[in-house]
Amino acid sequence: MRLLSRILSTTRVLWPFYIGVIVCSLATAAATLVSPFLIRDATDAIVSTVTGPGGDDAVTKATRTVFWLVIGLLIADLTQTLVHNVGGYLGDVMTARMREILSTRYFAKLLSLPQRYFDSQVTGTIIARLERSITNVTQFLQAFSNNFFPMLLTVGAVLVITAWHYWPLALLLIIVFPVYTFLTALTSKRWQKIEGKKNEQIDTAGGRFAEAIGQVKVVRSFTSELREIAFFGSRFVRTISLTREQSSWWHRMDALRGGILNVIFAGIYMVLFLRTLHGDFSLGTMVMLIQLVNMARQPVMMMSYLVDTAQRAIAGSRDYFHVMELDPESRTQPELLAAAATDSGEVEVSSTGAARRSRERAEAQKAEGAPIVDFDRVSFSYDEDKPVLTDVSFTAYSGQKVALVGESGGGKSTIVNLLLGFYAPSAGQLSVIGSDVNDISGSDLRAGSAVVFQDAALFSGTIRENIAYGNPDATDAEIVEAARKANADTFIRAFAEGYDTTIGERGLKLSGGQKQRIAIARAILKDAPLLILDEATSALDTKAEREVQHGLEKLMEGRTTVIIAHRLSTISDVDTIVTLADGRVDEVGSPAELATTDGIYAELLRLTASASAADRKRLQQFGIKG
């Protein structure tokens, strides 16, 4: 229960709900306990009248007594019903708020984690863990607060009352709980181990499900529907065999627990009947004690369900806290860290400060003639024994265009990852817009950059929302102007709903060229001093590329630009070309300078002009189109 108490302590802002649930539970227990006493008095009154000398006066008096006792029963039951439902309402709202808090913190924590974490995770698996962890925890607490907690309070009162009447009876009742708990503890360890194996299978299935649905066109184009279903179903088939093992173990132990409890309660009933038979209890007292014993029995019989949900909650909270305890990215913005500890889903959003600081630093660098991007003997490796970059050095000054050229896997995309702060250099120094990347937060670093990826990576929603993603405070006029510069306004207005057109998940309703122009408009609207083009037109046909290139030219105006090239014609007018070979800088110079050397760029020019199949194949190794 340590993990569950940790959940409660991390959501202590909900203390008014906790107090409300406790008060309602106490009132529910009190109202429930009134009924057996009233039934005792009614039973004794009736038995006394029936077995006594009788007479009309005795019957009239007993009738009046029973009438008021029934009224008392009605009031007690109505009170119990009302208070129980008020407590249920508080429990429902409490768990909804808890879900909000835990989910928001979990999401914020994920967004603060280093890129390396996501490199080794499947998106669907992350989602499945979130759902399982928080759902299991909140379901348990909801069931506990709405039902089981009031019953536990009732049991405590029952033990006191039965001890007052006959202490051996209370002792028999007390024995029930440690016996049941001990037998449950014997069951729990093995149950949780099997549950962990089941969760692994479900997470794998969920991850594959998300991937297949997200890339359904690929699945269909390769006629892999049945293969995907078979893989997906095989995970759940495995869970069936695990469930058989788990359920068989659980129910065998549950039968043992239930049998022992039946023996104990049979002993309790025997004591009650014999004590009444020998005149120690009145018939009404016996009825009252039987009712009280049954009140204690119900929570014990429910304990099987409670333990089951508690174990799921414990397993879920373990997954939750495993993520929450991971170290965030070293340069995570303080606001994001605060969101991971927030007590509300309402997080204040503001990126204008970081963007303003980036522009101010860029203006200062331009005035001083200092570089906007400065790689100084930078080395990097994803794995310690596999270097990706080694002693990379080059600079880009304000307004300059720098192109990165090299074979696939030569380190071009890694340079982009370092510029965006997704990873930190293993050695050397990297300065972006006048700041060492190790000295500023990731938000400040990325606020100064606008990036257009090879995959436009749009979100579901409207065109307007996607363009404004980089600047949510932009006006409609600014959004339209950005679309015009990106050569996108015309096709946007051709849609029936214009800028309010819903584009579907990842922009599936748009063509490749349209998606890329929306991405360019998004980058234009961000108005960042550093622009990064990561093979921004490599996936487009010639016509679409020409349309997109017009937008890119507008986007590059007045900005320092780093380009990963896929077509030499797109980098013929850059200021500097940096060629990379095996993670090292091979050459640095202007296109005219490098064209006359025997380096990579000169080789690419020759290969591009060649029509031989061998040269074309060699060209493909650089990711360059002819």
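Me: Which residues form a nonpolar patch on the surface with about 320 Å² of accessible area together?
Reply: Keep in mind that this is a predicted model, where local features need pLDDT of at least 70, side-chain atom pairs count only at pLDDT 80 or more, and totals for chains, interfaces and linings use all residues. Residues are numbered from 1 along each chain as its sequence is written, and side-chain values use heavy atoms, with hydrogens and water left out. A patch takes residues with over 30% relative accessible area and no salt bridge, joining like charges within 9 Å and nonpolar side chains (Val, Leu, Ile, Met, Phe, Trp, Tyr) within 5 Å; areas come from the Shrake-Rupley method with a 1.4 Å probe, and for residues only the protein chains shown count as cover. The nonpolar patch here is made of W15, I19 and V23.

Me: Where is I19 placed, and is I19 buried or exposed, or in between?
Reply: Helices here are DSSP runs of H or I with at least four residues, strands are runs of E with at least two, and both are numbered from the N terminus. I19 sits in helix α2, residues 15-51. Buried means under 20% relative accessible area, exposed means over 50%, and partly exposed is in between (1.4 Å probe, protein chains only). I19 has 44% relative accessibility, so I19 is partly exposed.

Me: How many Å apart are the end C-alpha atoms of helix α17?
Reply: The expected span of a helix is 1.5 Å times one less than its number of residues. Helix α17 covers residues 512-526, and its 15 residues should therefore span 21 Å. The model agrees, with the end C-alpha atoms at 21 Å.

Me: How many residues of α17 are buried?
Reply: The buried ones are G513, Q514, Q516, R517, I518, A519, I520, A521, R522, A523, I524 and L525. That is why α17 is largely enclosed by the rest of the structure: of its 15 residues, the buried ones number twelve.

Me: Which residue just after α17 takes a positive phi?
Reply: Look at the spot just after the helix ends. The phi there is about 55°, and the residue is D527.

Me: What is the order of the four strands in the open sheet?
Reply: Two strands pair if DSSP finds at least two bridges between them. The pairing in this sheet is antiparallel, and the order is β2-β1-β4-β5. At the edges, pairing on one side only, are β2 (386-397) and β5 (435-436).

Me: Which residue in β5 is the bridge partner of V432?
Reply: Strand β4 (residues 427-432) runs antiparallel to β5, and two bridges join them. In one of these strands, β5, the partner of V432 is S435.

Me: How many salt bridges does the structure hold?
Reply: Side chains of opposite charge can pair when their charged atoms come close. The cut-off here is a side-chain nitrogen of Lys or Arg within 4 Å of a carboxyl oxygen of Asp or Glu. Counted that way, the structure's salt bridges number ten.

Me: What is the N to O distance between D280 and R275?
Reply: D280 is partly exposed because its relative accessibility is 42%, and R275 is partly exposed at 26%. Their side chains meet in a salt bridge, N to O, at 3.1 Å.

Me: Which helix holds both R484 and E481?
Reply: Their side chains meet in a salt bridge of 3.9 Å, N to O. R484 is partly exposed at 48%, and E481 is partly exposed at 35%. The two are three residues apart, about one turn, in residues 476-485, helix α15.

Me: Is D489 buried or exposed?
Reply: D489 and R493 lie four residues apart in helix α16 (residues 489-494), and their side chains form a salt bridge of 3.0 Å, N to O. R493 is partly exposed at 48%. With 11% relative accessibility, D489 is buried.

Me: Which residues does T576 touch, not counting residues up to four places away in sequence?
Reply: T576 is found in strand β9, residues 576-581, and T576 is buried at 13% relative accessible area. Contact means heavy atoms within 4.5 Å. The residues touched are K401, V402, A403, V588 and G589.
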